[in-house]
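Look over the chains, then take each task in turn.

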4 protein chains.
Amino acid sequence: GYIKSFKMAKSTFEYVKTFEQDDTLLPNTWIVVRLDGKCFHKFSEDHNFKKPNDIRALKLMNYAAFKVLHEFNDVLMAFGQSDEYSFILRKTCFLYKRRAAKLLTTLNSKFSSTYVFYWNKFFDQEPLKYPPTFDGRIVLYPSDENIIDYLKWRQADVHINNLYNTSFWTLVLQGGLTPAQAEKRLCGTVSADKNEILYKEFNINYNNEPNIFKRGTVLMRKSLLNESSKKLMSIIVDVHDDMLKDTFWKENSNLLLPKS
Amino acid sequence: GYIKSFKMAKSTFEYVKTFEQDDTLLPNTWIVVRLDGKCFHKFSEDHNFKKPNDIRALKLMNYAAFKVLHEFNDVLMAFGQSDEYSFILRKTCFLYKRRAAKLLTTLNSKFSSTYVFYWNKFFDQEPLKYPPTFDGRIVLYPSDENIIDYLKWRQADVHINNLYNTSFWTLVLQGGLTPAQAEKRLCGTVSADKNEILYKEFNINYNNEPNIFKRGTVLMRKSLLNESSKKLMSIIVDVHDDMLKDTFWKENSNLLLPKS
Amino acid sequence: GYIKSFKMAKSTFEYVKTFEQDDTLLPNTWIVVRLDGKCFHKFSEDHNFKKPNDIRALKLMNYAAFKVLHEFNDVLMAFGQSDEYSFILRKTCFLYKRRAAKLLTTLNSKFSSTYVFYWNKFFDQEPLKYPPTFDGRIVLYPSDENIIDYLKWRQADVHINNLYNTSFWTLVLQGGLTPAQAEKRLCGTVSADKNEILYKEFNINYNNEPNIFKRGTVLMRKSLLNESSKKLMSIIVDVHDDMLKDTFWKENSNLLLPKS
Amino acid sequence: GYIKSFKMAKSTFEYVKTFEQDDTLLPNTWIVVRLDGKCFHKFSEDHNFKKPNDIRALKLMNYAAFKVLHEFNDVLMAFGQSDEYSFILRKTCFLYKRRAAKLLTTLNSKFSSTYVFYWNKFFDQEPLKYPPTFDGRIVLYPSDENIIDYLKWRQADVHINNLYNTSFWTLVLQGGLTPAQAEKRLCGTVSADKNEILYKEFNINYNNEPNIFKRGTVLMRKSLLNESSKKLMSIIVDVHDDMLKDTFWKENSNLLLPKS
């Protein structure tokens, strides 16, 4: 008697499904999915990340992002820095009918599980002590100008943070200052001051720092002609170009165009 | 000249932050975060999950969910079955100011990375071939009745699916039917028919199947008196009780009460 | 050739309909639609509203609200004060499938056009110089306690505003103070101070002021037994009861109950 | 003792304000506010609207819309037909901080109360029997192409409806058919068929029908040079142009441009 009624029971309670609310994203807008490491200050200390930049950590972030682009064709490009990654989905993207939560969680989960899965590929001497967490958000941008400004905003952020972090850690690790002293020393300084400190006191020319540190990483799709098969192949490349300069957008003028 | 302008550049582009939209959840409502495995049919085949239920896979799901409850006190309880887990957050939850995307992605990411991290703990003979993906959604329920009905709905679903899957795989694995034949055989049958097939043809009493298969897993917080210290301790327990029966809700009448 | 293509043209452009976004309200929650007069300070001056309260204006507001309740059965009750009206819709309301914009604009438009239509019924000596505008918003409340607190909040607001306005306009109209002087005189005073000013200086016992001024107006549905037909009739009554007191909610204990 | 506590009471209940949810519209998108008459089929019969088009009713709609444009500078243009009006707000509109409900209800209420207020100006022989209701909705369009297609969609709709209605009412009023017979006669006909019926049977050349019937009304802002003062004045004009033709958009190429 009891077993017989499971389907009836289910249909009695199924009304709760009507409480699910539609979260379809406005069509014809650029979709940005931005992921951020949660408590990565502690996570980076627990795993002995090199300061101010750990190339292993950046490469793992880039690899996890690459895997996201590899699986989801609607992700046009991505930009990463530190413990943060932004994925840009085409205006015409109709994946999961543009349902916000579905898009957001799928990319977030894929990135998170991939990060753990490939940890050892990049941190062979440093075992993963516990699984990290990334939060995420979705933002819509209606025009090409808006999405370009978004990417410029994130890259300007890298410049500012990296110059500060490079100065701070040089003062601490090479200059022998305590973190508190280094912080005080840098308080109120502008970019030129920090460049001068690095150059005069530590003989470091900030311009010569690796671009991946100064500019973050851009993942883009490129079309390549396969010489033997004479066919066009789509590949994903990682570059560290300066998106704040117009030349980047001229050289990649077809990046934001609709697929033909 | 160029470096000097990064802060200016950033402030020029910072307007893009105003495109972020508020997604605060309505106060005083139960929050359900439900996660679902993406393409787990294929994932379970690629990793040789035992059919119709793989106890290792269920235990890994439960363990990842346990880790979520362990970290987030606002998660009152959780219910899991197959490749799906529902987390119930208190009506008074104010974590991340009740921002939907933040809550959703944090739980989803934590669960996803934990699943990969602890894979070997449960699948020691079966290496993880690639990282799995879970999608997620948030649903709000205003009343206690609604949230109880939600849990009953999910558990009724376990009953229906498990009876079907047990019958199907018994017909295939023990009865020698092809999947297509088994599907045809079960088409149009009600619960009583499936019970009879199992009992008469395979001598299987469905009622004796393990509760974890028939009912899924409920994770709950319990208060325990530590005998030596005489202090109350909060622990997380996993049970396979029948939430469709009133006795469950009577015995756990304080489960949904506000924290005192 | 041109005319022939209108249906084709329409179907070409019909994609724009997909940009409409779903705004269904969460089920099983109290819906409040609150309307507010726009620039009613000026509107009341332009139409010689008596200060601090104009009984004609309040009665017109009540009448327009009455017409809303009369037309929409899902509106359980309403509360009005000054140039503001709140309509309470049942938790089970499914009018227009609970679409927010549809509910909001229909009530708002009905109220606005009714206000103009019946102006002369209440302001026979005072012609309407221009049509007024009301804005509106929707707020959801999950529990009975929340919706009761909402109504108490709005009524506490009447008490505070009316005591202030009564004191202010008495000082101006009977005390001969300029508005600036009256404002200064009341600055920093508490309720007891204002009561004292009214009583000692103007011999006005605030408690004797009309309840409609002190408490606003509650519109409720009541069931009446028609003596001759012996049938239950539903009527809409206006009262000026004190919702801050428990007795109101005891005497009207069936007000918030689901319809039987 | 009781009076003293109103402010305290208010602050106790003020938490209900936190249940109001943010509804800010995505920046840099065209905002359409579309209003529709509720039950206007009955309303038009109750007020003896001439069939298929009543010029008084259309002029009153246009006048109410004109008043909306006159008051709200952010409304760039509007398009009306039958009992429906669409208002187009600039992409850069920041009125009421782009709060959806506030924008929607303000325009809707203004239109509704204005419609009643000016009824007699257009219907001098026909008293308004009861106040009409208009519902409204907001739709966002990211690109210029989208907003142009929206306007073309609404105008194609006028063409289709008006040709049908003209044919239907000519068959009824001049042809002596019952409504049911007229409906049956038109069932399955294309535009060319309807044109032929009108021309061959009733000697009506549909092309000669007034443009306001065939195309609806476009309200636009134009800049005029005041000859005497030599100053530019902004005026609102009503035209019945064909927005389906490219020439309209060429001649009004500055219509959708950002304000300089």
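**Exercise 1.** How many salt bridges are there between chain B and chain D?

*Solution.* Start with the ground rules. This is a predicted model, where local features need pLDDT of at least 70, side-chain atom pairs count only at pLDDT 80 or more, and totals for chains, interfaces and linings use all residues. Residues are numbered from 1 along each chain as its sequence is written, chains are lettered from A and ligands numbered from 1 in the order in which they are written, and side-chain values use heavy atoms, leaving out hydrogens and water.

Next, the test: a side-chain nitrogen of Lys or Arg within 4 Å of a carboxyl oxygen of Asp or Glu. Between chain B and chain D, the count is zero.

**Exercise 2.** Describe the contact between chain B and chain D.

*Solution.* Step one: count residues with heavy atoms within 4.5 Å. Chain B gives nine, and chain D gives nine.

**Exercise 3.** Is D:Ile236 buried or exposed?

*Solution.* Apply the cut-offs: buried is under 20% relative accessible area, exposed over 50%, partly exposed in between (1.4 Å probe, protein chains only). D:Ile236 has 18%, so D:Ile236 is buried.

Now check a distance. The C-alpha atoms of D:Ile236 and D:Arg221 are 4.4 Å apart, although 15 residues separate them along the chain.
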